[in-house]
Amino acid sequence: MKKKVKIKVSNLHEIGLLIALISVLLIFGFSTENFFTQRNFMSILRSASYVGLVAFPMTFVLITREIDISVGPAVAWSGVFFVILVKWFEFNYTFAAFIVLAWGLFLGYFIGIARTKLMIPTFITTLALWSALRGYSLFITEGRPLAISNKPFRYFFGGDVLGLPTVTWIMLMVFFIFWFLSKYTVLGTNIYAVGGNPKAARSIGLNVDKIKIITLMITSMFSALVGILFVARVSSGNSTVGEGMEFDVIAAVVVGGTALGGAVGTMTGTLLGVLFIAMISNGLIHWGIDPDLNKVVKGIIIFLAVVINSNVTFKKNSGNKEE
Amino acid sequence: MSILKLENISKSFGAVQALDGVNLSLDAGEVLGLMGDNGAGKSTLVKIIAGNFKQSSGSISFENQNVEFLKPMDARNKGIEVVYQDLALCDNLTAASNIFLTREITKSFGFIPILNFSKMFQRAKDIFKELKSETLPEEEVRMMSGGQRQAVAIGRTKLSQAKVVLLDEPTAAISVRQVAEVLELIKQLKKQGVAVLIISHRMPDVFAVSDRIAVLRRGKLVANKKANESSPEEVTALITGAIESA
Ligand SMILES: Nc1ncnc2c1ncn2[C@@H]1O[C@H](COP(=O)(O)OP(=O)(O)O)[C@@H](O)[C@H]1O
Ligand SMILES: [Mg+2]
């Protein structure tokens, strides 16, 4: 029997995105002097990696029809918390990291319980956290960076290994894990089922609440991880880092083809989206465009991505409409 | 001997009294046709048996034991399978993934359990063959016709050795030929000793397979009698209220 080779809509989106990515690469490469340099690629990869680490779990959150907009402040607070633990309480680095990651899990659990038991939309809970976490980080540090001195930690996690930023290696590993989860595991299937038709999933016995809580917990944990990795990069706990990061993360996921309405999305799409957003941000700087205008461009991109998504992907590829 | 017994089941949604003191029992190997107008409470009754809703009052016993189904898994674990009126399918998953949802077959990859696609596809293929449906296990459900979707929903009930199968309007959206397949399936289940409850608006279908007919009107059970002692005319009159009860 011959098998029909079918190109799925999700693949079409990824192919389109890959072409867009290469085009943007060439445009920036040939229109500026310093874009096509190793140094610059390392810089693009580095910033893409921090975003990617949260974007992969965020893809799951969006697929289940939820959202987490507290990423930036969660990253900042996690870094500040980490440094407070090692500096003020003199915890060792591993133990402090362990506590901060556990705290991240707890934060996601809180968002998930608010959603599933109290019926508070994740947008609202994470909006509240967005304000509270940034505010508390600024308050407790009095807006000043809390410096750390541990060189091995800074050089390893903030630096490069085998020709790539360490954080890029971590991001690639995490990408592989999420790609694997989404394609080959029960959890992955359940996440798509919850996004596709939550009512159906629930009626045949799937624990929809548990799945949502798990995806939110993983996402907050990765925000916490990025917080720690940022500390290594900037050698301090800094209450102002990660500003607007939730935007880059969600933009990357959506540009990568995940529908805001849930049900649809792939990890490869998100990886391409992450690289796309990082490349645009970087290229615009090379064009000498004001960083503030950079934000305008990114705003336009996410808007266009949603328009394309809702025309190409959502109508043909989405799950059932009812909640 | 009855396998499933409902005693004095009532259910209200706020001010709406969906079910009012329903007594009903189901024997192994028996097919019960449940009829009633839209909004009579048929789906609500099915969802209470399946653990989707908790009854407001009354009790359910299964194999002579008092049971309380707090969630759908409780009922499924006892061997109660449901084909829901809206089919409860996830459009973004393949037919096989829908059938195996919550019952995935896994194999181990090192120490990690991963989905065993080839086994699930093969089993789904066998099920579709049994159902005489041309549904492809690896195709996403959103592309499928009404009949194929129906086959996927019914396919779920064939995964495990069910003791009770509840079918809520299983023939509402499918072609004549497919209706015949569903009725054939019900007869097979009966032969295997499975208790079947079928809800349908199609009088001839119900009379073709049912041993007993029950009628709900505005949440009350107004008839519960042998099919060969009733007639489509009588049932119609019971549904509309032209006859009070029988
Ligand atoms: N989840 C629900 N919430 C509120 N009212 C409901 C719900 N489900 C059913 N009802 C109401 O209960 C009554 C019986 O509905 P249903 O059992 O679906 O009837 P049938 O399946 O016989 O058409 C209707 O009045 C319906 O509006
Ligand atoms: Mg109904």
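How many nonpolar, polar and charged residues does the shell around ligand 1 have? It has 5 nonpolar, 5 polar and 2 charged. Here Ala, Val, Leu, Ile, Met, Phe, Trp, Tyr, Cys and Pro count as nonpolar, Asp, Glu, Lys and Arg as charged, and the others, Gly among them, as polar.

Ground rules next. This is a predicted model: local features need pLDDT of at least 70, side-chain atom pairs count only at pLDDT 80 or more, and totals for chains, interfaces and linings use all residues. Residues are numbered from 1 along each chain as its sequence is written, chains are lettered from A and ligands numbered from 1 in the order in which they are written, and side-chain values use heavy atoms, with hydrogens and water left out.

Now the ligand. The residues around ligand 1 (a heavy atom within 4 Å) include Phe13(B), Asp37(B), Lys42(B), Ser43(B), Thr44(B) and Phe53(B). Helix H1(B) gives the largest share of that shell, 3 residues. Strand S2 (16–27) of chain B also supplies at least two. Helices (H or I, at least four residues) and strands (E, at least two) are DSSP runs, numbered from the N terminus.

A side-chain N or O atom of Thr44(B) is at 2.5 Å. For the side chain of Ser43(B), the figure is 2.8 Å. A polar backbone atom of Lys42(B) is also 2.8 Å from a ligand oxygen. The protein covers 61% of the 560 Å² of accessible area that ligand 1 has on its own (Shrake-Rupley method, 1.4 Å probe).

On to the sheets. Chain B has an open, antiparallel sheet of 4 strands, ordered S2-S1-S4-S5. Strands pair if DSSP finds at least two bridges between them. S2 and S5 (65–67) are the edge strands. S1 (2–13) and S4 (57–62) share 5 bridges. Leu6(B) has Ile60(B) as its bridge partner there. H1(B) packs on this sheet, touching S1, S2 and S4, where contact means heavy atoms within 4.5 Å.

Inside it, S9 (164–168) and S10 (195–199) of chain B run parallel over 5 bridges. Asp168(B) stands opposite Ile199(B) in S10(B).

Notes: A polar contact is a pair of N or O atoms within 3.5 Å; within protein, one must be able to donate a hydrogen and the other to accept it, and residues adjacent in sequence count only if both atoms are side-chain atoms. Axes are lines fitted to C-alpha atoms, for helices over the stretch in contact, and angles run from 0 to 180 degrees between N-to-C directions.
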